[in-house]
Amino acid sequence: PEAIPGFPAPTVHTQEAYAPEDDFTAKWTRADARQIKAMSDPAAASRENSMPDEYTMPTVPQDFPDMSNEQVWVWDSWTLTDGSSAQPSFKGWEVVFSLVADRKLGFDDRHTYAKLGYFFRKADVAERPENGGWTYGGLVFPEGASGAIFEDQSFSHQTEWSGSTRIFDGNKLRIFYTAVAFYRNEDGSNRKPYDPRLVQSEGRLFADDNGVWMTGFRDQHDMLQADGEYYQTGEQNEFFNFRDPFTFEDPTHPGKTFMVFEGNSAFARGERACTEEDMGYAPGDPHAETADEAMDMGAHFQMANVGLAVADNAALTEWTFLPPILSANCVNDQTERPQIYIKDGKYYLFTITHRGTYAAGIDGPEGVYGFVGNGIRSDFQPVNRGSGLALGSPANLNFPAGTPFAPNPDQHPGQFQAYSHYVMPDGLVQSFIDTIGTSDDFVRGGTLAPTVRLDIEGDDVTVDRSYGTNGLGQWADIPSGYAHEIGGTP
Ligand code: FRU
Ligand code: FRU
């Protein structure tokens with residue numbers, strides 16, 4: 001790969017596959033991630049997008065409809081999937097799972113009050129209402145069920161974070177999610193570190209002409225807690241990330257079920273653990289930095305990884321950790337909601353991240369990032385000019401990010417328009433709206449954005465602007481694949 005003037009060359013990655021249990025972790029290096037800034041236009045003026053259009057989600061308008069009819073805040077969402085990540089409908093209904101919270105809360109307070117909720121709508125409808133036509137079904141789990149797994153019941157907050165849902169044997173559901181207990185003082189500081197666990201719970205799905213409902217989910221199976229060897233624990237770093245399980249089967253390893261999830265490299269917070277391999281510069285690159293130079297800037301406080309585990313039993317309640325499949329040491333602190341997407345014999349790892357979680361000296365937009373290889377464990381090639389950026393929200397990297405609650409006056413109004421992108425069959429991508437607008441005029445979201453579509457070809461991932469209206473599809477559109485319907489029509 002050729003270097004852009006003023007920037008280093010990206011790291012060479014072979015895409016070679018390794019066995020799932022091998023001790024090989026692909027690196028998203030600083031040399032790779034610096035390609036993001038290399039493609040940003042240094043002349044882009046205040047409120048313009050500095051990033052290439054082909055990797056930018058079209059701008060979402062401020063007057064969005066609300067999918068819940070003002071009943072709940074909605075953010076991270078996913079649908080029913082089978083082992084191959086196809087999205088079946090059930091008895092003629094489409095079903096979506098979302099993190100939801102009471103609208104009386106401020107939108108930024110949602111994380112410690114999140115619960116799993118669900119929505120349904122008829123499949124195969126030609127014209128839908130503007131807001132997607134969903135009916136809010138309520139909460140998924142019985143009251144108190146997800147808190148019962150914690151030995152220490154003295155939590156200040158107990159909440160349910162993201163995951164995924166698989167459908168088996170007709171109407172059996174297994175929900176893989178993150179059960180979280182917080183132990184906070186009145187001032188918001190930690191009395192002890194929060195406790196996120198990967199949990200599975202089984203239930204049943206039912207539908208008739210009037211709608212969809214669920215039963216079960218009383219027994220909650222504690223699948224995995226961070227181990228401190230591959231995945232950082234609360235003892236190592238009270239701000240650690242460990243969440244968002246996504247399970248799938250790999251046609252290359254039939255009979256096994258795997259899980260990817262968000263983690264951090266298992267070092268103590270502040271340990272100067274980044275290596276020259278994490279930098280990834282070619283020998284003699286004039287724009288290289290040493291690991292010490294990056295760590296002198298504080299980059300070693302950002303140590304994300306994507307974890308892998310393999311199921312030990314058919315009920316998928318018991319799992320064994322494998323080494324991480326990707327690390328972003330000294331690059332970024334969060335690689336969230338990872339998923340494996342198989343297309344044309346290639347394995348794509350997609351994961352979301354924030355502009356604000358990049359390490360010192362690295363910058364990039366909110367959005368979904370992609371890595372392609374020949375297997376679930378590969379020397380992954382970051383997509384798009386070696387950078388990893390698959391689809392960003394419009395952003396101007398010449399100006400500070402601001403925050404969703406206080407946007408920077410010079411930022412593009414779409415900087416925080418969408419997050420938690422999830423890539424669906426045929427390259428469709430759904431996400432939720434966070435904030436649209438700039439400092440003088442912005443609105444908060446809490447509902448799903450318009451669905452967009454990516455063309456995924458080798459290591460090129462580009463926005464399909466012929467989809468919908470100038471690239472924006474329908475609001476809150478999470479379609480099932482009709483070919484995969486389960487259970488027939490009621
Ligand atoms: C992404 C995310 C997930 C987490 C959830 C918590 O938007 O940070 O990683 O499960 O939100 O609200
Ligand atoms: C559907 C339904 C659902 C409800 C369930 C209660 O017929 O009314 O709306 O959740 O049955 O059993």
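Modeller: The space taken by ligand 1 is the largest pocket. A pocket is found on a 1 Å grid over the protein atoms alone, as an open set of points with protein on both sides within 12 Å along at least five of seven lines; a molecule sits in a pocket if more than half of its atoms lie within 2 Å of its grid points. The elements that give two or more residues to the shell around ligand 1 are β3, β7 (157–168), β11 (243–248) and β23 (418–423). Strands are DSSP runs of E with at least two residues, and helices are runs of H or I with at least four, numbered from the N terminus.

The model is predicted, and local features need pLDDT of at least 70, side-chain atom pairs count only at pLDDT 80 or more, and totals for chains, interfaces and linings use all residues. Residues are numbered from 1 along each chain as its sequence is written, chains are lettered from A and ligands numbered from 1 in the order in which they are written, and side-chain values use heavy atoms, with hydrogens and water left out.

The residues that surround ligand 1 include W75, D76, L99, H111, W161, R243, D244, E336 and Y419; a residue is near a molecule if one of its heavy atoms lies within 4 Å of it. Polar atoms of the protein also approach the ligand. In the side chain of W75, an N or O atom is 2.9 Å from an oxygen atom of ligand 1. For D244, a polar side-chain atom lies 2.6 Å from a ligand oxygen atom, and for E336 the distance from a side-chain N or O atom to an oxygen atom of ligand 1 is 2.9 Å. Taken alone, ligand 1 exposes 320 Å², and the protein buries 95% of that; such areas come from the Shrake-Rupley method with a 1.4 Å probe.

The loop between β15 (336–343) and β16 (346–353) holds D344. The phi angle of D344 is near 50 degrees, a positive value in a residue other than glycine. D344 counts as exposed because its relative accessible area is 62%; exposed means over 50%, buried under 20%, and partly exposed in between, with a 1.4 Å probe and protein chains only. A second residue with positive phi is D426, where the angle is near 65 degrees. D426 is found in the loop between β23 and β24 (428–433), and its relative accessible area of 52% makes it exposed.

Two buried residues complete the picture. R197 belongs to strand β9 (residues 190–208) and is buried because its relative accessibility is 3%. Its side chain makes a polar contact of 2.8 Å with the side chain of E151, and another of 2.9 Å joins the side chains of R197 and D222. A polar contact is a pair of N or O atoms within 3.5 Å; within protein, one must be able to donate a hydrogen and the other to accept it, and residues adjacent in sequence count only if both atoms are side-chain atoms. F371, in strand β17 (residues 367–373), is buried because its relative accessibility is 0%. Not counting residues up to four places away in sequence, F371 touches residues including W28, L326, Y347 and F380, where contact means heavy atoms within 4.5 Å.

Terms used
1 Å grid on protein atoms, 1.4 Å probe; cavity = no way out; pocket = protein on both sides within 12 Å on 5 of 7 lines; lining within 4 Å.
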